[in-house]
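Please read the following note with the sequence and the model side by side. Each numbered point takes up one topic and may be checked on the display.

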Amino acid sequence: MGPILVTGGSGQVGGALARLAGPDVEIVAPGRDTLDLGDPKALATMVGARPWAAIVNCAAYTAVDKAEGDVVAAWTVNALAPAALAAASAAVAIPILHVSTDYVFDGAKPDFYVEDDPVAPLGVYGASKLGGELAVRSANPRHVILRTAWVVSATGNNFVKTMLRLGADRPQLRVVADQKGCPTSADDIARALLAILPRIGDGPYGTYHFVNGGEATWHGLAEAVFARAATYGRPAPSVEPIATSEYPTPAARPANSRLATAKIHRDFGISPRDWHEAINEIVDTLVKEAA
């Protein structure tokens, strides 16, 4: 397989992709100082610079609440940049993998979302990510859009790291218990992308969901984090379940972010592991690093 161009290499998923790629996979992940996501010409130049085997777009404006007042920046990174990448890659016959989100859904469905369920984003972040999906689909038919949710890892800013930080100082935390989702390891998303890459030249193409197995609430995830950390003697604060209405935020969150993964298993043979196993691995890493 030829070289892979990865955007968003400093993020959780892009960083994991670069770290987990084997010696036979050349990952090129230019930083923000090298590649301006707001410059379509620069993106096209980068895509045309080498005979890439594929483009993997992991870049995203992920500050969900900030996006409500930063509309142009969110749409630039989440929609216009994917549009430019998809158009440029199509022009030189290169396939593109694009990472998207559960936030394209409104969370009203009582069951797990499948890939062809109707989309209805609740805020700027979800709408801009949906714009990116539409741009990729329309500009490059040789695409895989990978939706994921509740991304956590031992790097970057995420819920697991926040809980461990807050739990070290507070005897009690209040955590939302009426939003459901699938906690997902950034490392596992990267492994899924690496499993898709060798086949992307010939398809299948389309939209897929990848999340770790099972489901949780934010409250349940927090309890699992502290239970694992407690095995290392770390503090285990009590976690009080609260309603979303008790923790108002600028952006509305989907009450149901659970994504079904049968399609990616059928087409690529990818079987996500249970989220508990993934979370334990992340907590283990963070606790050992802090020791």
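This is a predicted model: local features need pLDDT of at least 70, side-chain atom pairs count only at pLDDT 80 or more; totals for chains, interfaces and linings use all residues.

1. A222 is buried, because its relative accessible area is 0%; buried means under 20% relative accessible area, exposed over 50%, and partly exposed in between, with a 1.4 Å probe and protein chains only. The residue belongs to helix α8, residues 218-230. Helices (H or I, at least four residues) and strands (E, at least two) are DSSP runs, numbered from the N terminus. Leaving aside residues up to four places away in sequence, A222 touches F159, M163, V175 and V239, where contact means heavy atoms within 4.5 Å. Between A222 and P254 there are 32 residues in sequence and 18 Å in space, C-alpha to C-alpha.

2. Residues are numbered from 1 along each chain as its sequence is written, and side-chain values use heavy atoms, with hydrogens and water left out.

3. The protein chain contains 10 helices and 12 strands. Its radius of gyration is 19 Å, close to the 19 Å given by the globule rule for 291 residues, so the chain is as compact as a globular protein of that length. The radius is taken over C-alpha atoms, and the rule is 2.2 Å times the number of residues to the power 0.38. Along its principal axes, the C-alpha trace spans about 55 × 40 × 40 Å. Of the 291 residues, 51% count as buried. Among contacts with a separation of 6 or more, 81% are between residues 24 or more positions apart.

4. In what order do the strands of the open sheet of 6 strands stand? The order is β2-β1-β3-β4-β5-β10, with parallel pairing. β2 (27-28) and β10 (206-209) are at the edges with a single partner strand each, so one side of each has no neighbour in the sheet. Two strands pair if DSSP finds at least two bridges between them.

5. Strand β1 (residues 4-7) is covered on both faces: I4 and V6 on one side, and L5 and T7 on the other, are all buried. β1 pairs with β2 in the parallel sense over 2 bridges, and I4 stands opposite I27 in β2. Elsewhere in the sheet, 4 bridges join β5 (residues 143-148) to β10, and these two strands run parallel. V144 has G206 in β10 as its bridge partner.

6. Several loop residues deserve attention. A93, in the loop between α4 (71-91) and β4 (96-101), has a positive phi of about 60° although it is not a glycine. W150, in the loop between β5 and β6 (151-152), likewise is not a glycine and has a positive phi, of about 50°. Which of these residues is buried and which is exposed? A93 counts as exposed because its relative accessibility is 53%, whereas W150 counts as buried because its relative accessibility is 8%.

7. The peptide bond from G203 to P204 is cis, with omega near 10°. P204 lies in the loop between α7 (186-196) and β10.
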